[in-house]
Amino acid sequence: MMKKISVFIGLFVFILFMGACVDASGVQPRNPNGDSELALFMREMHDESVKLKENLSKGKKLKPKLDYSKLLTAEATEPEKAASESYKAFALSYISIMDQMKKKSGIHSEENFKAMVASCENCHNSFCPGPLVLIDKLKL
């Protein structure tokens, strides 16, 4: 009987601890030092890209919805990198690709999607290689 109570209490404490590891939005933090606005936005971009890839595989039109100009304004983990001319060039290139995808939904969708993935890959090769594993999974 005591063993069952101990297991129950242990399980209850574990559940409470796990609940404390999730913020109010329901997103579990990945960085123990906190996540920057840019990192969180890029996760949204990845989630949307996964949906775009699914739509492409089903023959549906690609309809990106995010405001990609945030790439230029979101607070970065390392602000000096995001302030560089190189980062700004990568961001503007990505924004241009996504604007084209929005305007030409369904036209050259596969080509636009591949350009988007390549843009992500190029930037992350230069600035933050960690997400390259996820980006590789987006490739067609």
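**Exercise 1.** What percentage of the 140 residues of the protein chain count as buried?

*Solution.* The structure is a predicted model. In this model, 26% of the 140 residues count as buried. The accessible surface of the protein chain comes to about 9,500 Å², and 61% of that surface belongs to carbon and sulfur atoms.

**Exercise 2.** Determine how many helices and strands the protein chain has.

*Solution.* The protein chain contains six helices and zero strands. Read from the N terminus on, its elements therefore run α-α-α-α-α-α.

**Exercise 3.** Describe how helices H2 and H5 are arranged relative to each other.

*Solution.* Two packed helices are described by the distance between their axes and the angle between them.

1. Distance: the axes of H2 (residues 37-57) and H5 come within 11 Å.
2. Angle: these axes cross at roughly 150°. Angles over 145 degrees count as roughly antiparallel, and H2 and H5 are therefore roughly antiparallel to each other.
3. Handedness: the crossing of H2 and H5 is left-handed.
4. Contact: Met 42, Ser 49, Leu 52, Lys 53 and Leu 56 in H2 meet Ser 109, Glu 110, Phe 113, Met 116 and His 124 in H5. By class, five residues of this contact are nonpolar, three are polar and two are charged.

**Exercise 4.** Is Ala 115 buried, exposed or partly exposed?

*Solution.* Ala 115 lies in helix H5, which spans residues 109-126. Its relative accessible area is 31%. Buried means under 20% and exposed means over 50%, so Ala 115 is partly exposed.

Notes:
Residues are numbered from 1 along each chain as its sequence is written. This is a predicted model: local features need pLDDT of at least 70, side-chain atom pairs count only at pLDDT 80 or more; totals for chains, interfaces and linings use all residues. Side-chain values use heavy atoms; hydrogens and water are left out. Helices (H or I, at least four residues) and strands (E, at least two) are DSSP runs, numbered from the N terminus. Buried means under 20% relative accessible area, exposed over 50%, partly exposed in between (1.4 Å probe, protein chains only). Axes are lines fitted to C-alpha atoms, for helices over the stretch in contact, and angles run from 0 to 180 degrees between N-to-C directions. Angles under 35 degrees count as roughly parallel, over 145 as roughly antiparallel, 65 to 115 as roughly perpendicular and the rest as oblique. A crossing is left-handed if the near helix is turned anticlockwise from the far one by less than a right angle, and right-handed if clockwise. Contact means heavy atoms within 4.5 Å. Ala, Val, Leu, Ile, Met, Phe, Trp, Tyr, Cys and Pro count as nonpolar, Asp, Glu, Lys and Arg as charged, and the others, Gly among them, as polar. Accessible areas come from the Shrake-Rupley method with a 1.4 Å probe; for residues, only the protein chains shown count as cover.
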